[in-house]
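User: I'd like to learn how to read charged side-chain pairs in a protein model. Could you walk me through them?

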Amino acid sequence: MTKEELRKLPKIELHCHLDGSLSREFIERRLRRKVEDKELRVSEECGSLSEYLGKFVLPIACLQDEEGLTGAGIDILKTMSGENVRYAEIRFDPIACGAEGMGIKSAIEALLKGIDAGKHKFGVACQVIVCAMRHYSEEQNMEMIRTAREFLGAGVCAVDLAGAEEVYPMSAFMSLFEQVKKLGMPYTIHAGECGSAENIIDAVKAGAGRIGHGIAMRCRDDVQKLVRDAGVGVEMCPISNLQTKAVRGPEEYPLREFLDRGLTVTINTDNRTVSGTSLTRELAFIQEMYGVSDAEILLCMKNAAAVSFAGDELREEMSRWL
């Protein structure tokens, strides 16, 4: 497919962080000043995940009140509609947002208000994944998740676990996700982004429906079999993973390997603004770099529909798009 054909293709995105994907126009409007590229986007010479995460300071500052969160929901769906993303699951950390007199519930409500407005204005079906964070206490995370549970099926679709994976291994969160499972909340878990295949194994054991990134199961047939047999989706974010040095170079990125081994691969942006990317750019990149065929592009979209946290009716609708 040409880049224009990829842009027009109906697309599904499952791994996209709200704070890392706000448009420059939105951020400048909220901050009331011009913003330079280097403040928002990593350079081609990005050296690490730590450097990458430094670009989130300004966007998070834009999400500290109702107006910011509601506007952000509209803004991100406007961006997605420009490249024919038809369904998205957008993730955010309600504890880090809405600091100006807002609690967790108010922060979720404010974002959902914007998502609902954006759906109607731009025609992008969308749900929200709330992020538990590895550096928060179990009590903080469970308070947030219990609050988010009130919105399950009403805009919120799942829980995520994000944060510094190498510092806080998945083994420390098995109890948390036992509780999440009892609440009846679906969940995805960032695992294997920073070199630990054990985190992927534990995420599957914990019952994750999907894993974020999963790079560490490269050349690990045993872990790949575990993930494949469990029917766990793999949320791959190629450009972001290369920028954060999840692998040493493009030749080590395991997308081709995962596709050939029959894993349920999905393609995502991770952070549109920070990475300077779009789903169209990601698809064009993997076609050129890894020889991904048009049929495999469609397979990745069908995989996304299958492992999404959408209901059966919406999944069936998505299957008709592709």
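Analyst: Happy to! Let's start with burial: Glu235 and Arg91 are both buried, where buried means under 20% relative accessible area, exposed over 50%, and partly exposed in between (1.4 Å probe, protein chains only). This is a predicted model, in which local features need pLDDT of at least 70 and side-chain atom pairs count only at pLDDT 80 or more, while totals for chains, interfaces and linings use all residues. Residues are numbered from 1 along each chain as its sequence is written, and side-chain values use heavy atoms, leaving out hydrogens and water.

User: What does Glu235 form with Arg91?

Analyst: In general, side chains of opposite charge can pair when their charged atoms come close. Here Glu235 makes a salt bridge with Arg91, with the closest N and O atoms 3.3 Å apart; the term requires a side-chain nitrogen of Lys or Arg within 4 Å of a carboxyl oxygen of Asp or Glu.

User: Which parts does that pair tie together?

Analyst: Glu235 sits in strand E7 (residues 233–236) and Arg91 in strand E2 (residues 85–92), so the pair ties together parts 144 residues apart in sequence. Strands (E, at least two residues) are DSSP runs, numbered from the N terminus. Glu235 and Arg91 are also linked with Glu89, Asp160 and Arg210 in a network of salt bridges.

User: Is Glu252 buried or exposed?

Analyst: Glu252 counts as buried, at 15% relative accessibility. Its salt-bridge partner is Arg248, with the closest N and O atoms 2.8 Å apart, and Arg248 is exposed at 73%.

User: How many salt bridges are found in the whole structure?

Analyst: The search finds 25.

How values were computed. Helices (H or I, at least four residues) and strands (E, at least two) are DSSP runs, numbered from the N terminus.
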